[in-house]
Amino acid sequence: MSYELTLEQHYDERSMLCFAERPATIDTMFRAIVANLPDHIALVFNNERTTYAELEQHILAVVTQLRARNIRQGDRVAMLLGNRPAFLYALLAIARIGAIAVPMNIRQRRPEILYMLQHCGASALFFDAECAAELPDCAELPALHSYFRADQNSIFHLDTRSSTSITAQGTSEAIEIAEEDVFCILYTSGTTGKPKGAMLTNLGIVHSLLHYKYAFDLQPSDAALLAVPASHVTGLVSILLATICVGGRNIIMENFNARDFLELAAHEKMTYTLVVPAIYNLCLLQPDFDRFDLSAWRIGGFGGAPMPVATIERLSAALPKLALANVYGATETTGPTTILPLGEALRRRDTVGKLLTCADVRVCDENGAQVEAGESGELLIAGPMVIPGYWENPQANADSFIDGYWRSGDIGSIDAEGWVRIFDRKKDLINRGGYKVYCTEVENILSRHEGVIECAAVGRPDTVLGERVHAFVVRKTESISPDELRAHCAVHLSDYKVPETIDFIDALPRNANGKVVKPQLRELLVASELNR
């Protein structure tokens with residue numbers, strides 16, 4: 001597939017290769033699809049089908065609600081919505097008026113929700129009725145004046161929490177949205193325990209969508225199944241928007257279940273998805289996996305963790321038409337930086353593929369000097385898909401960006417033929433079935449318990465999820481139990497961040513500088529597993 005590239009400057013004169021022909025914004029892209037394919041099915045949810053023309057009408061209804069509450073261009077509008085049509089209605093309506101969407105995971109708890117809403121200065125919040133119990137008090141959020149509650153039919157209702165002092169606005173206001181404008185803010189776990197708000201722009205998302213379109217040859221005939229949270233960069237960019245980009249059909253799965261996934265994929269003739277390896281493993285564990293007709297499935301993207309060779313081999317044998325593709329990226333890169341060429345999953349299983357067309361990656365040593373081909377170092381990533389920075393966080397911007405390159409923290413290499421390999425992941429990161437958990441975040445919460453002297457979290461290897469959260473704790477008295485500590489964490493952390501196993505020890509191992517030596521803890525964990 002041929003396309004023209006141009007060298008452009010964006011975000012404070014960062015130089016980058018860009019696709020010459022591209023939609024200026026996500027809303028521009030969506031409007032074009034509605035105009036060209038109005039009767040094509042855009043969404044499938046619980047056996048109900050929505051065309052692109054019907055989706056546009058749902059979006060216009062939400063736009064009217066937003067304008068009636070005086071939500072303006074640049075305002076932050078939070079979304080505590082699960083995998084339902086309501087998510088897309090709100091997301092695209094927010095984009096239509098030039099406001100900034102702030103998707104949040106519905107598994108988050110009150111302290112996490114409060115921090116994000118306060119940090120981004122949200123003016124409005126869309127939320128599922130089931131999440132109401134976790135919403136912070138209105139007094140804690142003076143800037144948040146409008147609450148929209150979604151019912152089971154994805155219809156939004158103005159909630160009683162909303163301020164009554166809002167003056168209705170007209171609906172004919174002309175909005176000019178620039179491609180460098182922020183489309184959404186996605187909060188990522190930070191090594192300090194406080195999430196950072198990655199600013200994903202129209203420019204960055206558009207380039208990621210075109211990367212997917214060209215790499216996977218996505219067409220209007222494609223049907224993508226959303227089996228990961230829509231609020232994460234994978235669900236949002238790699239599935240929902242990538243499919244809309246070509247006028248394809250999004251099949252929305254509210255909650256993942258391996259059997260439901262297989263039944264839905266077979267019934268809807270799914271052609272494409274991108275999930276973590278754990279989902280493939282769970283599907284293959286189904287005793288009657290072979291009875292599902294998955295012959296339409298042509299692209300199986302995976303990322304977030306290594307795919308076991310045995311999984312690749314079994315999938316290749318069971319589904320010969322399925323091309324598996326490793327995708328390497330991050331929230332800060334708006335999704336993909338590399339994609340493994342289709343058909344190379346077994347032969348190139350030690351790599352994460354090659355750089356995408358507009359991606360620019362340097363491999364640097366500890367002094368910031370670029371290393372030779374094949375040598376290892378930290379991957380520094382640039383290109384139009386890389387975020388301009390973090391919302392209201394100058395320190396994180398200073399620490400994370402060098403000359404327009406984002407410091408991934410990942411150690412890897414690029415050989416002379418352009419194959420990219422990743423050797424080590426970011427420090428203290430636990431990958432639980434694709435959900436990223438920073439150890440510091442778990443440790444900060446555990447240490448707040450009055451019975452904890454000190455603690456450390458590590459990843460416990462797991463054959464299905466990859467890793468689970470494990471904690472080592474030095475306690476004040478033996479009366480403190482693992483269940484008590486887990487209950488304490490559950491109040492403050494998403495459920496997947498709560499330690500599933502806890503070992504009590506007399507002291508944490510430390511080096512001469514007083515730093516906890518986590519390799520020793522992992523050795524202890526291995527010994528503990530043998531005796532568990």
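How do the residues of the lining of the second largest pocket divide into nonpolar, polar and charged?

**Entry 1: basis.** I worked from a predicted model, in which local features need pLDDT of at least 70, side-chain atom pairs count only at pLDDT 80 or more, and totals for chains, interfaces and linings use all residues. Residues are numbered from 1 along each chain as its sequence is written, and side-chain values use heavy atoms, with hydrogens and water left out.

**Entry 2: the pocket.** I found 17 lining residues, with Glu21, Arg22, Leu210, Lys213 and Tyr214 nearest the centre. Two or more lining residues come from each of α1 (26-36) and α5 (202-216); α1 gives the largest share, four residues. The lining divides into 11 nonpolar, two polar and four charged residues, with Gly counted as polar and Tyr as nonpolar.

**Entry 3: strand β15.** I then turned to β15 (residues 299-302); strands are DSSP runs of E of at least two residues, helices runs of H or I of at least four. Ile299 and Gly301 on one side, and Gly300 and Phe302 on the other, are all buried (under 20% relative accessible area, 1.4 Å probe, protein chains only).

**Entry 4: neighbours of β15.** Strands pair if DSSP finds at least two bridges between them. I noted four bridges between β15 and the parallel strand β14 (residues 272-275), where Tyr272 is partnered with Ile299. β15 also pairs in the parallel sense with β16 (residues 323-330) over four bridges, and Gly300 has Leu324 as its partner there.

Methods:
Buried < 20%, exposed > 50% of the residue type's maximum accessible area, 1.4 Å probe, protein only. 1 Å grid on protein atoms, 1.4 Å probe; cavity = no way out; pocket = protein on both sides within 12 Å on 5 of 7 lines; lining within 4 Å.
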